[in-house]
Amino acid sequence: MNPLRSIREEFDTQAIITLVVCLLIALLGWWATRRQSKGGTGGEGYSPADLRGIDPRRTALDADEIWLLGFAAPYVEHHQLLHDRWGLAPDGPNPAWQRKLGAVLSAAHVVDRGSWSRLVDSARSELAEPSPSYNDASGRAWVLTRYAWLVRLGVAAGHVDADAARHHTLAAATSARALFTNWSDYGDAFLASSAGSAGFDPVRLRADVRTLYAADGPWSDPGWPHDLNIS
Amino acid sequence: MNPGVALLVADDQPVGERIGPYVFWSLLVLLLAVIVWARVKIRRNAVKRPTTAQYAQQTRAIWEADPATFTPRPEHWPLAVAAPFSIENRTSWDRLDFTELDGPRQGLAEAWAIRSRPQLLAQVHALLCDGHRTEFAHEVEQWTIDPSAMDEFADRIDAELRWRNHQVRINARDIQSVRFEAWDLVRAAMLVRAGYSLNWLSRAEALDTLYLLAPTLRERYDGWDDLGHHFFTARWYWFSQGGLPMADEDAYDAGRLRSLTDPENGPWSFVPWDIQVPTSRLLLVDALIAEGLVTEPSTFIATPLALQIDRAVTERLPD
């Protein structure tokens with residue numbers, strides 16, 4: 001005998017309602033278990049501060065590319081992101097990196113394209129026509145570093161691609177060649193201007209900048225390239 | 001006629017009753033699948049969770065010396081302070097360096113974003129001067145005085161902050177009377193050991209910085225048990241999470257505390273709380289200045305230890 005026919009004949013709407021209720025209870029139980037295993041009303045608990053592993057440099061880049069990427073390096077190191085990627089994180093989906101990057105983008109108020117554009121335009125204006133407080137070399141290093149960082153945040157957020165970011169950074173960095181010839185001077189100027197900046201532990205910021213000069217750091221070769229092969 | 005179409009257009013029964021049996025069987029299969037899946041998940045979680053005996057084995061303190069013939073020396077006092085983490089790292093508590101270096105190198109990089117001597121010095125400096133204790137003590141005090149202080153921001157704060165607010169409100173684990181120095185300074189002791197192991201600190205710098213912890217800890221706590229109670233409660237507060245993850249952490253921490261105070265093998269049973277330790281010469285300050293990490297006295301003094309360090313900075317900075 002066909003069981004479907006049998007049930008169909010004796011079918012009672014209450015059976016479906018009962019089953020739906022059972023299913024809802026089961027789903028509720030599953031949801032509660034999942035919620036409990038994630039920590040009740042609390043947060044996510046421990047998560048690694050630095051996802052880069054012991055050796056953060058993985059990509060072979062040419063000297064000009066390393067130079068351009070170096071302008072945002074103090075911020076990149078401060079936020080423990082990837083120095084060798086315009087988008088600051090590994091390619092491909094990676095939940096831990098996405099969470100970390102999402103938090104950085106959100107804190108920098110650049111998730112929204114309009115907000116990001118306003119911040120970039122403001123930094124670009126500051127570079128083009130420095131206010132008195134940013135007119136000296138240290139002020140220029142500070143503004144340029146911030147501009148380069150915003151550009152890379154734009155890549156990370158999907159507002160601009162790596163080629164455009166390279167182009168924007170090159171245009172700004174070229175003007176800095178009149179003031180600096182190596183990362184040592186640039187780093188010193190950046191730190192001189194960063195004193196008292198909100199949101200930074202000055203000791204940690206200096207330590208992060210010092211780390212950029214290490215053998216595996218983006219400023220390990222302190223001299224800037226004499227001739228650029230990119231345009 | 002297509003049977004599916006026939007189901008919808010044939011005979012005079014309402015559509016609901018005609019498709020009812022199919023819905024019934026689909027829901028039944030789905031319900032069974034959920035039940036089976038839930039049982040598998042529960043069983044898998046049960047396998048992952050260590051037993052009390054496993055915790056006891058995992059948290060047993062490791063010794064370089066023979067406990068039977070051990071004679072405590074001054075350096076053993078700060079090493080005993082760092083012992084909760086030597087248990088976690090499965091390394092001897094009674095020697096300054098770690099025997100296995102991959103663990104500390106990876107731990108410093110991943111958990112602390114420390115890859116260099118300057119970053120290690122900066123992080124130790126931050127823990128000694130401020131750490132989490134200023135922020136935690138402030139929020140506990142604020143919420144104890146005014147439990148509803150955060151209510152108007154309730155929809156804008158993250159889950160961890162909301163969880164901590166709730167624990168303070170109900171005074172869970174007597175959090176309102178916890179002193180948070182242990183949380184920062186025990187972690188600082190662990191960082192110093194790891195930094196020395198990776199050659200980012202000299203032996204003199206490491207020991208001298210460890211000795212710097214003693215006056216503050218002895219002033220704030222009555223003995224090892226008191227230090228342990230405040231450290232593990234502060235750790236629970238920092239973890240900011242209830243449910244199963246915290247139950248696991250609680251079991252593990254209880255095991256650590258038992259091991260630390262074990263009369264037969266626990267470091268805290270072998271090192272007198274009041275053993276004499278040398279006075280620190282604040283070699284950390286010299287290192288911070290030499291590395292160019294401190295170039296002027298601080299504009300923000302959060303704790304008495306920060307004041308002590310800042311005075312040394314002022315005295316020792318070159319003119």
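Student: What makes the pattern of chain A α-α-α-α-α-α-α-α-α-α?

Tutor: In this predicted model, chain A has 10 helices and 0 strands. Read along the sequence, that gives α-α-α-α-α-α-α-α-α-α.

Student: How much of chain A is buried?

Tutor: Buried residues make up 33% of its 231 residues. To be called buried, a residue needs 20 or more other C-beta atoms within 10 Å of its own.

Student: What share of the contacts in chain A with a separation of 6 or more comes from residues 24 or more positions apart?

Tutor: That share is 67%.

Student: Let's go to where the chains meet. Why are helix 10 of chain A and helix 7 of chain B called roughly antiparallel?

Tutor: Check the angle. The axes of helix 10 (residues 202–212) of chain A and helix 7 (residues 117–129) of chain B cross at roughly 170 degrees. Angles over 145 count as roughly antiparallel, so these two helices are roughly antiparallel to each other. Their axes also come within 8 Å.

Student: Which residues make that contact?

Tutor: From helix 10 of chain A you have Val203(A), Arg204(A), Ala207(A), Asp208(A), Arg210(A) and Thr211(A). Helix 7 of chain B brings Pro118(B), Gln119(B), Leu121(B), Ala122(B), His125(B) and Ala126(B). Sorted by kind, the residues of this contact are 6 nonpolar, 3 polar and 3 charged.

Student: What is the phi of His109(A), and where is this residue found?

Tutor: Phi of His109(A) is near 60 degrees, a positive value in a residue other than glycine. Most residues other than glycine have a negative phi. You'll find His109(A) in the loop between helix 5 (95–107) and helix 6 (113–128) of chain A.

Student: How is chain B divided into domains?

Tutor: Domain 1 covers 14–48, while domain 2 covers 52–132 + 180–316. Their centres, taken over C-alpha atoms, are 51 Å apart.

Student: What scores come with the model, and what pLDDT does chain B average?

Tutor: The model has ipTM 0.80 and pTM 0.81. Chain B averages a pLDDT of 89, and 91% of the residues score at least 70.

Notes. Residues numbered from 1 in each chain as written. Chains lettered and ligands numbered in written order. Predicted model: local features only at pLDDT ≥ 70, side-chain atom pairs only at ≥ 80, totals over all residues. Helix = DSSP H or I, 4+ residues; strand = E, 2+ residues; numbered from the N terminus. Buried ≥ 20, exposed ≤ 12 C-beta atoms within 10 Å, placed from the backbone. Contact = placed C-beta atoms within 7 Å. Domains from an automatic or database assignment. pLDDT = per-residue confidence, 0-100. Axes fitted to C-alpha atoms, helices over the stretch in contact; angles between N-to-C directions. Parallel < 35°, antiparallel > 145°, perpendicular 65-115°, else oblique. Nonpolar A, V, L, I, M, F, W, Y, C, P; charged D, E, K, R; others polar.
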